[in-house]
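I opened this entry to keep track of what I looked up. The notes follow the order in which I checked things.

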Amino acid sequence: AYNVVVDALAKSSNAKEAILWSKRMVNCNIQPTLHTQATIISGYARTGNIVHAVCLLQELLDGGQLPNLACFNAVIDACARQGNSREAAFWFGKLLEAGLLPDQVTFTSLINSCAKCGDVREARDWLSTMMDVGLT
């Protein structure tokens, strides 16, 4: 039941409340599922709180948990919305290091990050990479 509450709060862009409930879970010796963690990361990212989204993703990595693609995509997209293509590319590298395969959402965010800061060459490079791996 805790995971459902946390999930609903995070999806409604109430990431702070979602974190409070996830801490209550841990205090009751109930671990949040990876889906719940991904939803919280997405909630932070949607509200522009990239610092908290990145911290939570890094906590998962540091704790030996393998974040899913949705976790990485949320952080990459948050970076893109802020026009931070360098940070988006950094998290793309971390996604690959984790053994995950990028999808169209991943590449669209990377391309958008370049477009937002006017780097047409880099956007074309990401599009070429996307096509090279069979995504269009």
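I began with the largest nonpolar core, which has 37 residues; Ile40, Ile41, Leu57, Val75, Ile76, Trp91 and Leu110 touch the most other members. The model is a predicted one. I then listed the elements that give two or more residues to this core: α1 (2-11), α2 (15-27), α3 (34-46), α4 (50-62), α5, α6, α7 (104-116) and α8 (120-132). The most comes from α5, which gives eight residues.

Next I looked up how α5 and α6 pack. Helix α5 covers residues 69-81 and helix α6 residues 85-97; their angle is about 165 degrees and their axes are 8 Å apart. The angle is over 145 degrees, so I noted α5 as roughly antiparallel to α6. The crossing of α5 past α6 is left-handed.

Which residues meet there? From α5 I noted Leu69, Phe72, Asn73, Val75, Ile76 and Cys79, and from α6 Glu87, Ala88, Trp91, Phe92, Lys94 and Leu95. I sorted the residues of this contact into nine nonpolar, one polar and two charged.

Last, I checked Thr33, which sits in the loop between α2 and α3.

Key:
Residues numbered from 1 in each chain as written. Predicted model: local features only at pLDDT ≥ 70, side-chain atom pairs only at ≥ 80, totals over all residues. Heavy atoms only, no water. Axes fitted to C-alpha atoms, helices over the stretch in contact; angles between N-to-C directions. Helix = DSSP H or I, 4+ residues; strand = E, 2+ residues; numbered from the N terminus. Parallel < 35°, antiparallel > 145°, perpendicular 65-115°, else oblique. Left-handed = near helix turned anticlockwise from the far one by under 90°. Contact = heavy atoms within 4.5 Å. Nonpolar A, V, L, I, M, F, W, Y, C, P; charged D, E, K, R; others polar. Core = buried A, V, L, I, M, F, W, Y, C linked by side-chain atoms within 4.5 Å. Buried < 20%, exposed > 50% of the residue type's maximum accessible area, 1.4 Å probe, protein only.
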